[in-house]
Number of protein chains: 2
Amino acid sequence: MTADYFARHRATLEAAVEATRRRGYWSPYSESPKAYGENAVAEGEAAFTARLGKPLDLGQPTAAGWVGNETSPFGPSLGITYPRADVDALVRAAQAAMPAWRDAGVEGRVGVCLEILDRLSKRTMEIAHAVMHTTGQAFMMAFQAGGPHAQDRGLEAVAYAYDAMHAVPSHVTWEKPQGKGDPVRIAKTYRIMPRGIGLVIGCSTFPTWNGYPGLFASLATGNPVIVKPHPGAILPLAITVEIARQVLREAGLPADVVTLAADGADAPVAKELAMRPEIAVIDFTGSSAFGRWLEENARHAQVYTEKAGVNFVVIDSTDDLKGMLGNLAFSLSLYSGQMCTTPQNIFVPRGGIQADGGHITSDEVTAAIGQAVDKFLSNPERAVEILGGIQSEATLRRLDEAAGLGETVLQSKALEHPRFPGARVRTPLILKVDAADEAKYTAELFGPIAIIVAVDDSRDAIARATRTARRHGALTAAVYSTDPEFLRRAEEACAEAGVALSCNLTGNIFVNQSAAFSDFHATGANPAANASLCDAAFVAGRFRVVQSRIPVAA
Amino acid sequence: MTADYFARHRATLEAAVEATRRRGYWSPYSESPKAYGENAVAEGEAAFTARLGKPLDLGQPTAAGWVGNETSPFGPSLGITYPRADVDALVRAAQAAMPAWRDAGVEGRVGVCLEILDRLSKRTMEIAHAVMHTTGQAFMMAFQAGGPHAQDRGLEAVAYAYDAMHAVPSHVTWEKPQGKGDPVRIAKTYRIMPRGIGLVIGCSTFPTWNGYPGLFASLATGNPVIVKPHPGAILPLAITVEIARQVLREAGLPADVVTLAADGADAPVAKELAMRPEIAVIDFTGSSAFGRWLEENARHAQVYTEKAGVNFVVIDSTDDLKGMLGNLAFSLSLYSGQMCTTPQNIFVPRGGIQADGGHITSDEVTAAIGQAVDKFLSNPERAVEILGGIQSEATLRRLDEAAGLGETVLQSKALEHPRFPGARVRTPLILKVDAADEAKYTAELFGPIAIIVAVDDSRDAIARATRTARRHGALTAAVYSTDPEFLRRAEEACAEAGVALSCNLTGNIFVNQSAAFSDFHATGANPAANASLCDAAFVAGRFRVVQSRIPVAA
């Protein structure tokens, strides 16, 4: 059965491996809703709605009752309960499932992973609604980022894992010449051994997109995985676990290779799970504080973290002012700045910039950015489909508290959502501060908060921005310049600070978006993350090779 | 110049990459002394002798005077001094060298590494004498393990590093279809960025063999390397650093890409170096205590350790008793048990074993092992060429103290070395203990000390031995059995304990020897080591990829 899955998806796998090396555009999962069938969106919504107010029974070991208190940022409480994580039972179940999963072999495991991804793809619209009503992403984004783009990242992890394991032969005969005598012949066997149990700690904003790489990288390399979702965004990962368990059962493998560890804010289990010696691999997306705690305390495990960062834009000059402003307005508005890749600081030279319309002053640039965002969001019905909702009360409070931080360029407004009256919709707050006030802009202000930083010149901007990135982390940088030499210097400085740089984006590619198989998400080279999604290093430490050898007759 | 080196050695590199995937027998460096020229051994000895009693000036930054107090285990004091490590100056120098080294690019750096290896190969006989008179290895072993086999391991690391970096294209155009419109085109650049400064902490027994993998893996991936040799075995790595600096200079690159950090037992610098935040990668071979200290404290760095372990042999049955005894006698005697791969515990069932001559009792097996070693070493002139000398006073003391640990099977004897009157030559001590006396055999007893453990049966032996491996580490296991089912079980148990297994070795392949490009040395899957020499995981974490992207016209 597991072999069937491998054969069925082999062409996709080989194309995916090839794509990781070519790094051009490639995806097997459509980002067009139409591709999912005429009624797919409605059917997905119906499937989502049918889950509301009920327990989601995964058939996994638990003796701890039920938990669940998710509320949609668009208003309604989901009312779904999940088996409350019973740490001992989950760890025992994962350990019991490990030998069969390991012994399924590389192709067996990879086949199951590919089948899970295929089923996730078919359930995209249901998961899209689950993502929407937990993260607050507007539907189109919840569909794309939570569905095909997340599946892409999962497939990418499987491709890297397969490539790394496939590079080690399972059997060879080593034959050493012995002068005129017969050669010595030794038969050698190489086994791919998992590290132990994988723990995936999900985030509240991109539970599937950020969760799938670690989930599939650990699974493919033989590690059973316990998925610990954020209490505010359980459902998308619960559906994922449900599908994974179904595929495992059909393949005649233990369903407990994948389990859900749902908890509530009242009794969090992430630390307890992370510190269990049986946990050998941890994938985490979330706050810098907890990410650092894991890196410092979970010494027995391989820990992959994506934390927070202070992303930046440097405006040096442009030959497409309108394109630049439109692009920035979209980037700042998309999902209300709740992406780990959203720009926060926008450095503008005090002396102004050269643009296609001639020289414009710093004040003009600043005002133009505010106006561009304001205009972009002027139609509330369209605006809510970009902004989505604010995921957490903490982000709302942060937004309120940030208001006094600097000179106001654009006030944040609450918008009425035409379909969801209670939705927490906010437009971005844009502030202006002086470069000298470092304390005001060198910490991450997660949410719809952007800061225009008045700086001596664009070189000073690069120096300040990359210094902040080295100290506090950054996932993305954007630079606008018509000067190739300035772009070259910016590229070097960003490379040294470990920040992915986007130059002169004026069309419909945005600094906060990265494409699987082409863009590396995070570098692991500054405090924002200690790993990249996804590269060879992301999978290499998840398994070990253990060999045996025995002489054979000539 | 760096490009010349790459072109010159490209065929070797490509064959090496291929060899890491095929894992058959392969080596470009001859293990036959004859291949090095008629007078090579004498010339190597002369070059070594010419260095005695003099300072070895590497031309590297130092303000700390000179250090050096090496004594040959074969008797004479070397009298060589080295620039005493000036931690600040070394770190500054490595940092200053980093940009040029990074900017030499993948092929530039790999070419320089291959040229260094080629020069090391040409200087093999000089290095062999340096290895001999610091580690105590007999000449033939110092030549093979310290020369070609060490160079193999260095080349293997370069091959893995090249393969990993080469898998990332430097430039691509990403082209995403846009329905009927023109595709979006983005030019993307991927830069391989080093992590920082590499620190290689050498050991006293295999300074080159264990030092080269980390040295070349870090160098190839762009990290300048500070080499901190063991105070008792500085010369082999000092010559290596000298050669590396010469090649770097000739290539027009900063010599400080590689520096030596020699210290004395009076003022060790390893901890201070390891805790410098500029140090991003640490490779360590040595004691479990310091290895664990590094893993626990050098949190800012990628730490690769090879520590100690409790290796074992399980004798279940054999159809070649004589071959087994001869093979074991060699393994126990080679370099007086001072290999991290030497067997320590030999489990023998209390009920005896089936052998080709029929059933033999446990006492007979035990006595036969003692006699085999005694007979193998009965000719002192030949024996010293296998045993070599005891590297450290600590090992001599351990040997003396171990004498009372169990029933004596074979006493350790001091042998006179025909050419080196003061040499510390000792034959192995073989003891017998009962399996119940766990405290006596579950700790590592480094040196020429073997323990025959009387055990209920061979299954019990595997269980005890692999439990010890999981708790205290093990690098090698050997099993003798004529029962395929027992071998299968042993293989599974060793795989789960992360120990490389050798079955039924009776000829001239020994459990303590591993072949580069085929055998993985250590697995990283038990406390004996957190990494393997060498695999993809050993290089993947030494560099990061940072990208930039910019739209391009259609």
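I started at V158(A). Setting aside neighbours within four places in sequence, I found V158(A) in contact with V110(A), C113(A), L114(A), F216(A) and A220(A). I noted at once that this is a predicted model.

**Core**

Next I looked up the largest nonpolar core, which has 395 residues. I asked which of its members touch the most other members. They are V158(A), I282(A), F347(A), V158(B), I282(B) and F347(B).

**I243(A)**

I moved to I243(A), which sits in helix α9, residues 235-250 of chain A. Is I243(A) buried or exposed? I recorded I243(A) as buried, because 21 other C-beta atoms lie within 10 Å and the cut-off for buried is 20 or more. Not counting residues up to four places away in sequence, I243(A) touches I116(A), R119(A), L120(A) and R123(A). I also checked I243(A) against G326(A). The two are 83 residues apart in sequence, and their C-alpha atoms are 40 Å apart in space.

**Domains of chain A**

I read the domain assignment of chain A. Domain 1 covers 2-25 + 37-308 + 533-549, and domain 2 covers 312-503. Taken over C-alpha atoms, the centres of domain 1 and domain 2 of chain A are 34 Å apart. I then looked at the contact, to which domain 1 of chain A gives 15 residues and domain 2 of chain A gives 21 residues. On the domain 1 side I listed 6 nonpolar, 7 polar and 2 charged residues.

**Two chains**

The same surface serves both copies, as 100% of the contact residues of chain A recur in chain B.

How many residues of chain A are in contact with chain B? I noted 53 residues of chain A, against 53 residues of chain B. The elements of chain A that give two or more residues to this side include α1 (2-22), β3 (171-178), β4 (181-194) and α18 (484-497). β21(A) gives the most, with 8 residues. By type, I divided the chain A side into 26 nonpolar, 13 polar and 14 charged residues.

I stayed with β21(A). It is joined by 2 bridges to strand β20 of chain B, residues 500-503, and the strands run parallel. My last entry here is a pair: R549(A) stands opposite S502(B) in β20(B).

Technical notes
Residues numbered from 1 in each chain as written. Chains lettered and ligands numbered in written order. Predicted model: local features only at pLDDT ≥ 70, side-chain atom pairs only at ≥ 80, totals over all residues. Domains from an automatic or database assignment. Contact = placed C-beta atoms within 7 Å. Nonpolar A, V, L, I, M, F, W, Y, C, P; charged D, E, K, R; others polar. Core = buried A, V, L, I, M, F, W, Y, C linked by C-beta atoms within 7 Å. Buried ≥ 20, exposed ≤ 12 C-beta atoms within 10 Å, placed from the backbone. Helix = DSSP H or I, 4+ residues; strand = E, 2+ residues; numbered from the N terminus. Pairing = 2+ DSSP bridges.
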